[in-house]
Amino acid sequence: MNELKTELYQRFVKYASVDTTSDPTQKTTPTTSSQMMFAKMLADEMPSAGFTDVEMDEYGFVTATIEANTDKPAPTVGFFAHMDTVCDFNGKGITPILHENYQGGNVVINEAKKMYLTPETSPSLKRCIGHDLVTSDGTSILAGDDKLGISVIMTFAHYLKNHPEVKHGKIRVAFTVDEETGTGIAYFDVDRFGAEFAYTIDGGQLGEIDYGNFNADKFEIAIQGKNCHPGSAKDFMANPVRIAADIVSSWPENRLPETTEKEEGFILFMGMDGNLEHATLRGIVRDHDLTKFENSKKELQDIINQKLQKYPNAKITVQFTKQYRNMKDVLEEKPQAMNVLKRALEDAGIEYNLAQVRGGTDGAQLTFRGLPTPNIFAGYENPHGPYEWLSLDWTEKVFHIMKYIVTDLVK
């Protein structure tokens with residue numbers, strides 16, 4: 001590997017080894033104490049990378065500045081990456097495995113478990129001949145989402161410190177908490193951050209640029225039943241467990257995550273706790289189109305109303321909690337961030353795809369709070385599970401895109 005990829009890899013291995021799994025069941029910010037410990041680790045490290053004004057606030061957000069090294073006027077640009085990892089699969093004891101100079105065929109993740117990446121199951125491998133790839137060892141996630149973004153930003157800061165001939169304006173950086181739960185960024189102080197536009201480094205394969213995303217809410221359905229001895233339950237019992245199952249099965253089969261793609265919306269039922277007294281059903285609703293999004297929420301309420309008629313002895317309520325909204329409209333109204341990014345991609349000779357991601361990033365909420373923030377690919381694939389992998393060659397491209405952005409602004 002060349003020097004840059006080696007540095008990116010070593011820094012990634014260091015950060016991935018720190019467990020920062022977030023917990024959507026918790027009401028605190030951050031949702032896990034491990035994120036605070038990682039935040040302090042980064043904050044302590046950042047001055048050696050040339051950062052000034054390093055701050056860690058009460059929520060665990062870490063912010064810092066790379067001061068301008070030219071008198072030419074330039075807007076202040078920001079770069080974001082999130083510290084937490086998803087709770088969908090084990091995030092402890094991560095052991096990245098390096099596969100240098102991939103030449104095609106299968107990539108062994110874990111031979112004992114018969115876990116492999118193949119060009120059939122991971123078609124993007126066909127784009128990675130000659131690349132240096134990294135996988136997990138099959139027992140955990142890899143944490144490319146988004147320890148890879150942090151690694152790129154920290155590596156870029158060290159580069160600018162060691163190359164003062166690269167002229168740039170003021171740069172602001174933030175490492176955020178609880179992106180995976182969709183809750184952390186609500187506590188971020190956009191005004192204090194002080195950037196005119198920004199980018200999250202938190203996307204997938206080479207060329208994927210997220211300038212739109214799902215509208216997103218989470219919901220919680222509370223079911224209060226009526227219990228009695230099952231031998232005398234006729235016309236009296238209201239079983240919350242059965243009612244919850246009835247609600248789930250009543251949602252249209254063609255509007256679930258496993259039956260939709262591209263810009264099609266869905267509802268995902270994520271979990272249930274219950275007994276014969278009460279039950280709680282939790283889930284999320286997603287759609288790129290705001291009208292369809294609101295209609296889906298109304299349809300879920302209509303299903304609940306139908307169940308109230310079917311089970312008159314039960315009480316059923318639903319509460320929706322706003323998570324984020326589609327940033328596409330705002331970025332089209334304030335195009336500077338996208339215009340600079342497109343020039344950077346073209347300068348790097350990268351064919352890019354402007355996508356509305358089937359998910360969300362911190363950038364969605366930041367954009368709607370006045371800081372236009374599209375999402376740049378970081379170079380990982382298959383996140384949130386043991387088959388996650390990344391291409392260091394793709395990640396190296398992100399570094400060069402960041403360099404073009406900051407130098408373009410002082411031309």
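**View 1. Thr95, in the loop between β3 (77-82) and β4 (97-99)****.** At 36% relative accessibility, Thr95 counts as partly exposed, the class between buried (under 20% relative accessible area) and exposed (over 50%), using a 1.4 Å probe and protein chains only. This is a predicted model, where local features need pLDDT of at least 70, side-chain atom pairs count only at pLDDT 80 or more, and totals for chains, interfaces and linings use all residues. Residues are numbered from 1 along each chain as its sequence is written, and side-chain values use heavy atoms, with hydrogens and water left out. Leaving aside residues up to four places away in sequence, Thr95 touches Thr135, Ser136, Asp137 and Ser140; contact here is heavy atoms within 4.5 Å. Val13 sits 82 residues from Thr95 along the chain, yet their C-alpha atoms are separated by 7.7 Å.

**View 2. Thr31, in the loop between α1 and α2****.** Thr31 counts as buried because its relative accessibility is 8%. Not counting residues up to four places away in sequence, its contacts are Ser22, Asp23, Gln26, Asp178 and Thr181. With Asp178 there's a side-chain to side-chain polar contact at 2.7 Å. Such a contact is a pair of N or O atoms within 3.5 Å; within protein, one must be able to donate a hydrogen and the other to accept it, and residues adjacent in sequence count only if both atoms are side-chain atoms. With Asp23, a polar atom of the Thr31 side chain lies 2.9 Å from the backbone nitrogen. Ser124 is another story: 93 residues along the chain from Thr31, with 34 Å between the two C-alpha atoms.

**View 3. Helix α1, residues 3-16****.** From first C-alpha to last, these 14 residues reach 20 Å, close to the 20 Å expected at 1.5 Å a residue, where the expected span is 1.5 Å times one less than the number of residues. Helices (H or I, at least four residues) and strands (E, at least two) are DSSP runs, numbered from the N terminus. At the start of α1, a side-chain oxygen of Asn2 comes to within 3.2 Å of the backbone nitrogen of Leu4. Buried residues of α1 are Leu4, Lys5, Leu8, Tyr9, Arg11, Phe12, Tyr15 and Ala16. Their packing partners include α3 (144-162), β7 (133-135) and β18 (389-391).

**View 4. Where α1 meets α2****.** The two helices pack at an angle of about 145°, with axes 11 Å apart; axes are lines fitted to C-alpha atoms, for helices over the stretch in contact, and angles run from 0 to 180 degrees between N-to-C directions. On the α1 side you'll find Arg11, Lys14 and Tyr15, and they meet Phe38, Met41, Leu42 and Glu45 in α2. By class, this contact has 4 nonpolar, no polar and 3 charged residues. Ala, Val, Leu, Ile, Met, Phe, Trp, Tyr, Cys and Pro count as nonpolar, Asp, Glu, Lys and Arg as charged, and the others, Gly among them, as polar.

**View 5. Helix α10, another packing partner of α1****.** This helix is mostly covered, with 14 of its 17 residues buried. Its first and last C-alpha atoms span 24 Å, close to the 24 Å expected at 1.5 Å a residue. Look at the start of α10 for a side-chain oxygen of Ser391, which gets to within 3.2 Å of the backbone nitrogen of Asp393.
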